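Good morning. Today I will go through the pockets of one protein and then the packing of its helices. Please have a look at the sequence and the model first.

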Amino acid sequence: YETGRLKNPVNDATDMAATLKRMGFNVILKTNASQREMDEAVREFGRSLTRSDVGLFFYAGHGVQISGKNFLLPIGVKIDRETDVKYRAVDADMVLDEMGNAGNPMNIVILDACRDNPFGKSFRTASRGLAIISSAPRGTLVSYSTSPGNVAADGGGRNSPYTGSLMKHMMTPGLPIEEVFK
């Protein structure tokens, strides 16, 4: 990111992809993606899901909430005004729509993106952190790196505190999903 540099998202995505592969997931890994690459990756993800799958989407990077909607920010995004976000970022609802189209029984959305708005206080309706997702397909668990409306630290190690802890607990045999995310 040119604005609001983060050091861990590529590590988080790469390490999470490796963890998910060890757990038997088919993985589509994209790092440092432009808006077009993110859009294509979300569509590819949707096409890869089937009714018998567990759909799991992980995102690490900047996210912003504008008027109660969550947007994932691509690399190289140029945002001059708040209204630019809906045209130059990726609406998190697109991920949920792809999961809904697949009709799979279980979906997991992991957003390690609850960080400060990197564009500052020039946005009228922007709120801290990300909004609660209330329109997810049935059977969807959404996990944030912090409480909705709050922000999370990038961390001082290789991974964000959230992703590092999550990967460790995901590998614990027999741990119920609710406990993994707690």
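Let me start with the largest pocket, where the lining by class comes to 30 nonpolar, 7 polar and 5 charged residues. Here Ala, Val, Leu, Ile, Met, Phe, Trp, Tyr, Cys and Pro count as nonpolar, Asp, Glu, Lys and Arg as charged, and the others, Gly among them, as polar.

Before going on, the model is predicted: local features need pLDDT of at least 70, side-chain atom pairs count only at pLDDT 80 or more, and totals for chains, interfaces and linings use all residues. Residues are numbered from 1 along each chain as its sequence is written, and side-chain values use heavy atoms, with hydrogens and water left out.

What is a pocket here? On a 1 Å grid over the protein atoms alone, where a 1.4 Å probe fits, a pocket is an open set of points with protein on both sides within 12 Å along at least five of seven lines, and lining residues have an atom within 4 Å of a point.

The largest pocket holds about 960 Å³ of space, counted as the space filled by probe spheres set on the points, which are joined across faces, edges and corners. Its lining has 42 residues, and those nearest the centre are Ile 28, Leu 29, Lys 30, Phe 57 and Phe 58. At least two lining residues come from each of α1 (9-22), α2 (35-48) and β1 (54-60). These labels are DSSP runs, numbered from the N terminus: helices are H or I with at least four residues, strands E with at least two. β1 gives the most, 7 residues.

The second largest pocket has about 210 Å³ of space. It is lined by 13 residues, with Met 23, Ile 108, Met 170, Ile 177 and Val 180 closest to its centre. By class, that lining is 12 nonpolar and 1 polar, with no charged residues.

Now the helices. α1 and α5 (residues 161-170) have axes that come within 10 Å and cross at roughly 5°; axes are lines fitted to C-alpha atoms over the stretch in contact, and angles run from 0 to 180 degrees between N-to-C directions. So α1 is roughly parallel to α5, a label for angles under 35 degrees. Which residues of α1 and α5 make the contact? Asp 12, Asp 15, Met 16, Thr 19 and Leu 20 of α1 meet Thr 163, Leu 166, Met 167 and Met 170 of α5, where contact means heavy atoms within 4.5 Å. These residues divide into 5 nonpolar, 2 polar and 2 charged.

Technical notes: Parallel < 35°, antiparallel > 145°, perpendicular 65-115°, else oblique.
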